[in-house]
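Dear colleague,

Please find the structure below, together with its sequence. My notes on it follow.

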Amino acid sequence: MNTDELESALLGAELRVLEIQTKLHRWANDDPHRRFDDLFNLVADPAFLLVAWDRVRGNKGARTAGVDGRTAHSIEAGQGVEVFLDGLRSQLRERSFRPVPVRERMIPKANGKLRRLGIPTVADRVVQASLKLVLEPVFEADFLPCSYGFRPNRRAQDAVAESRYLASHSYEWVVEGDITACFDEISHTALMDRVRDRIGDKQVLSLVKAFLKSGIMSRDGALADTRTGTPQGGILSPLLANIALTVLDEYVTNRPGGPTTTEARRAGRRRRGEPNLRLVRYADDFLILVSGIREHCEALREEVAAVLAPMGMRLSMEKTRITHIDEGLDFLGWRIQRHRKKGTDRQYVYTYPARKSLRSVMAKVKELTGRQNVGLALTVLLHRLNSVLRGWCAYFRPGVSNVAFCYLSHYVWMRVVRWIRRKHPGITWKQLRRRYCGGGWWPVTEERELFNPAKVSTTRYRYRGTVIPSPWPTAA
């Protein structure tokens, strides 16, 4: 199959997958108690597998191999996509497909500790992606609006915008939740029970369980069983984690004083000194915002720990902080804090890049402009820097970020100038400016110019509430 034929087939497959997903989502939305059977044929459907392949191949992880040493590129160059997917479909239909252990990779965290990633093989990733295409529309009908992480049409900015909105409307006390090794400790039994509430197809359930139990192969070749958790790095893992964490969403939503409580009853609770609360969750990072007093938050922390325990998850009592909005908090890289507006006596809740986030991007700039990269051409260096700076500024653009952008701009300029002078120690600065800055002060080449964060205009990200559209319309 040549490139044009593959693109044409992919377009038709995407339309078919979208049509079926829309039906699944509509049926799940119309009947909250419906259990879906005969889904396994969809997992093995050629259209679903082709769309799954396209998503796996388009992911950055396509360049990373699993335990079999194969990447998406090597499969394309070797047996070909069509042969690969036909073989995968045959294994699924013959019930001979078996997931293999994921390859362990330890990556450093910001606090100096290591996070374990599990890298599946390309074949396992494609099957997981196909499973997600089938299961996601069903469970999206049950997921609540307070959840934002790894869900279609939702992003971190939505979670931050809701936190700011609530903190500006009397929800001034915040419980900053910290779940200990969430992805590693989810109970398989409890998770599968929640999956069975919606899925009745035994082959699909067996396939999900097989991925959970596939094991981890360490760098030294030792194989470890996975009795709990869903390995980070798998395509299906975020969906399964959201299914498990729905217990927290449902508890806060249905609790007295939660989002389902009417405005009149919330007002009555305030008069009686009882708390009202809201949850904002992005994957395993969550905030519970409370309209009440600190004692209400302390009691709520114990309740949340009890809610998570049946799912095998532990709330870290030491790291789960209780904060007032005047003190401020860090959430998803943002600083959320109430300040007095300059020149007035009025106070507002502001969102801007946290110091930790600024230090992180500065560390990347420092590494790229270090001595080990002096041999690079300036064009190559600018390409790498611009990629980092553009992404960081795009994430923090919808906020009060101008001061951080200007600071970062000055830091980047100093680091690049120092890199240039280190690259040519025997040339005067006047000559270097003429050669690398076009006679001005800002580094530039014929191909590209150093990205300037100070020129990025900030915007206001509006709180979308419960009106975030679904990719699958529920109306017939």
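Predicted model: local features only at pLDDT ≥ 70, side-chain atom pairs only at ≥ 80, totals over all residues.

How many bridges join β10 to strand β11? There are 3, and the two strands run antiparallel, with β11 covering residues 334-340. Two strands are taken as paired if DSSP finds at least two bridges between them. Helices (H or I, at least four residues) and strands (E, at least two) are DSSP runs, numbered from the N terminus.

Residues are numbered from 1 along each chain as its sequence is written, and side-chain values use heavy atoms, with hydrogens and water left out.

The sheet. β10, β11 and β12 form an open, antiparallel sheet of 3 strands in the order β10-β11-β12. β10 (329-331) and β12 (347-353) are at the edges with a single partner strand each, so one side of each has no neighbour in the sheet. From one strand to the next the twist averages 30°, with axes being lines fitted to C-alpha atoms and angles running from 0 to 180 degrees between N-to-C directions. Within the sheet, F331 is placed opposite W334 of β11.

Helix α6. Residues 122-140 make up α6, whose 19 residues should span 27 Å at 1.5 Å a residue; the end C-alpha atoms are 26 Å apart, which agrees. The expected span is 1.5 Å times one less than the number of residues. At V134 the helix bends by about 30°, and the proline P137 follows within four residues; the bend is the angle between axes fitted to the seven residues ending there and the seven starting there. Of the 19 residues in α6, 18 are buried (under 20% relative accessible area, with exposed over 50%, partly exposed in between, a 1.4 Å probe and protein chains only).

The loop residue T228. T228 belongs to the loop between β5 (223-224) and α11 (237-254) and is partly exposed, at 41% relative accessible area. Leaving aside residues up to four places away in sequence, T228 touches D184, E185, I186 and H188 (heavy atoms within 4.5 Å). A polar atom of the T228 side chain lies 3.0 Å from the backbone oxygen of D184.

Positive phi. Most residues other than glycine have a negative phi. R95, in the loop between α5 (81-93) and β1 (102-108), has a positive phi near 60°. S170, in the loop between α7 (156-167) and β3 (173-180), has a positive phi near 80°.

Yours sincerely

Definitions and conventions. Polar contact = N/O pair within 3.5 Å; in protein donor to acceptor, adjacent residues only side chain to side chain.
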